[in-house]
Amino acid sequence: TGGSDVHVYVLDSGILTTHTEFEQRASPFADFWPDDGSEMKPCSFADTNCAMDRHGHGTHSAAIIGGKTYGVAKKASLHAVKIFSDKGECVASKLVAAIDWVEAFGTAPKVISASLGARGVSQSISTAIEDAVESGIT
């Protein structure tokens, strides 16, 4: 099926959802670095500025997942969850909140992709991932 029934939540620097590689399958979902300075902003489907990638990494990651040319799941629905700032910074609390948000409000079947790295082990991140997996998120 090429992932046609799967919802992939890309936790990264956002996604340029209007990119032609995504064939209108990418949408904004949540922005944990909103322009208004609040902690988090849920995105409406039509608000292409919400969770917009101004860094490039999230769009690149989303294209590997579901781009029409080289994506491994060319028909998957892609959802932008912006956890990195436009400068590339991220904090553990935003990652944990994003995982919890997808768990609570995402559409099943759900897959979370988070292409990131950090030093050491964070118990709060480990717990959030374990809880997400127990809830059925892949």
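**Notes on the cysteines and aromatic rings**

1. Let's start with a cysteine: Cys-50 is buried, with a relative accessible area of 2%. Keep in mind as you look around that this is a predicted model.

2. Which residue does Cys-50 form a disulfide with? The partner is Cys-43, and the two sulfur atoms sit 2.0 Å apart. The link is left-handed, with -70 degrees about the S-S bond. Cys-43 counts as buried too, at 15% relative accessibility. The count for the structure comes to one disulfide.

3. Cys-90 is partly exposed, its relative accessible area being 30%.

4. On to the rings: searching the whole structure turns up two aromatic pairs. One of them joins Tyr-9 and Phe-29 edge-to-face, with 4.9 Å centre to centre and 65 degrees between the planes. Tyr-9 belongs to strand β1 (residues 7-12) and Phe-29 to strand β2 (residues 26-31), so this pair ties together parts 20 residues apart in sequence. Both Tyr-9 and Phe-29 are buried.

5. Trp-101 and Phe-105 make a tilted pair, at 4.2 Å centre to centre and 45 degrees between the planes. They are four residues apart in helix α2 (residues 92-105), so about one helical turn separates them. Trp-101 counts as partly exposed, at 23% relative accessibility.

6. One more ring to look at is Trp-33: Lys-94 lies over its face, 4.4 Å from the ring centre.

Technical notes
Residues numbered from 1 in each chain as written. Predicted model: local features only at pLDDT ≥ 70, side-chain atom pairs only at ≥ 80, totals over all residues. Heavy atoms only, no water. Phe/Tyr/Trp six-rings, centres within 6.5 Å; stacked < 30°, edge-to-face > 60°. Helix = DSSP H or I, 4+ residues; strand = E, 2+ residues; numbered from the N terminus. Buried < 20%, exposed > 50% of the residue type's maximum accessible area, 1.4 Å probe, protein only. Lys NZ or Arg CZ within 6 Å of the ring centre and 35° of its normal. Disulfide = S-S within 2.5 Å.
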